[in-house]
Amino acid sequence: KNNLGSIRFERDITLRALARRCGVSVGHLSKLENGYCDPTVPVAYAICRALHLSIYIVFPDHMGGEEK
C-alpha cells in the first residue's frame, strides 16, 4: 500500500502532471498508485522529490512504516 492517490487528491495533482514531474509514464504511475506493482528505488525517490515529501510518507509499507 502507498499514499500516492490520497496525496495527489489532497494536492489536486493529476496523474499526468505527476508523471511528467517524476519522469514516468501515466500508466506506470497509475499501476503504482493502485498497488499493481511496486516502485523501483529510483522511481520511488523521483516521485517523492516531485511531491517534496519523505519516502516514508508516500510509501510507508515499503519502508517498514505503518502496519497493515
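Guide: Contact here means heavy atoms within 4.5 Å. The model is a predicted one.

Visitor: What does H28 touch, not counting residues up to four places away in sequence?

Guide: On that count, H28 touches C37 and V43. The place of H28 is in helix α3.

Visitor: Why is H28 called partly exposed?

Guide: Buried means under 20% relative accessible area and exposed means over 50%, with partly exposed in between. H28 has a relative accessible area of 29%.

Visitor: How far apart are H28 and D38 in sequence and in space?

Guide: H28 and D38 are 10 residues apart in sequence, and their C-alpha atoms are 9.9 Å apart in space.

Visitor: Which elements does the protein chain have?

Guide: The protein chain has 5 helices and 0 strands. From the N terminus on, the order is α-α-α-α-α. Of the 68 residues in the chain, 37% are buried.

Visitor: Which residues of helix α1 are buried?

Guide: In α1, residues 4–11, the buried ones are L4, I7 and R8.

Visitor: How do you know that they are on the same side of α1?

Guide: They cover an arc of only 100° around the axis, which puts them on the same side of α1. An α-helix has 3.6 residues a turn, so residues three or four places apart point the same way.

Visitor: What does the face of α1 turned away from its buried side carry?

Guide: That face carries the exposed residues F9 and E10. The buried residues of α1, in turn, pack against α2 (15–22), α3 (26–33), α4 (41–51) and α5 (55–58).

Visitor: What comes after α1?

Guide: D12 follows α1, and the phi of D12 is positive, near 55°.

Visitor: At what angle do the axes of α1 and α3 cross?

Guide: The two axes cross at roughly 115° and come within 8 Å.

Visitor: What makes α1 roughly perpendicular to α3?

Guide: Angles of 65 to 115 degrees count as roughly perpendicular. The crossing angle of α1 and α3 is roughly 115°, and that makes α1 roughly perpendicular to α3.

Visitor: Which residues make the contact?

Guide: L4, G5 and R8 of α1 make the contact with L29, L32 and E33 of α3. By class, the contact has 3 nonpolar, 1 polar and 2 charged residues.

Note on methods
Residues are numbered from 1 along each chain as its sequence is written. This is a predicted model: local features need pLDDT of at least 70, side-chain atom pairs count only at pLDDT 80 or more; totals for chains, interfaces and linings use all residues. Side-chain values use heavy atoms; hydrogens and water are left out. Buried means under 20% relative accessible area, exposed over 50%, partly exposed in between (1.4 Å probe, protein chains only). Helices (H or I, at least four residues) and strands (E, at least two) are DSSP runs, numbered from the N terminus. The arc is that of the directions from the helix axis to the C-beta atoms. Axes are lines fitted to C-alpha atoms, for helices over the stretch in contact, and angles run from 0 to 180 degrees between N-to-C directions. Angles under 35 degrees count as roughly parallel, over 145 as roughly antiparallel, 65 to 115 as roughly perpendicular and the rest as oblique. Ala, Val, Leu, Ile, Met, Phe, Trp, Tyr, Cys and Pro count as nonpolar, Asp, Glu, Lys and Arg as charged, and the others, Gly among them, as polar.
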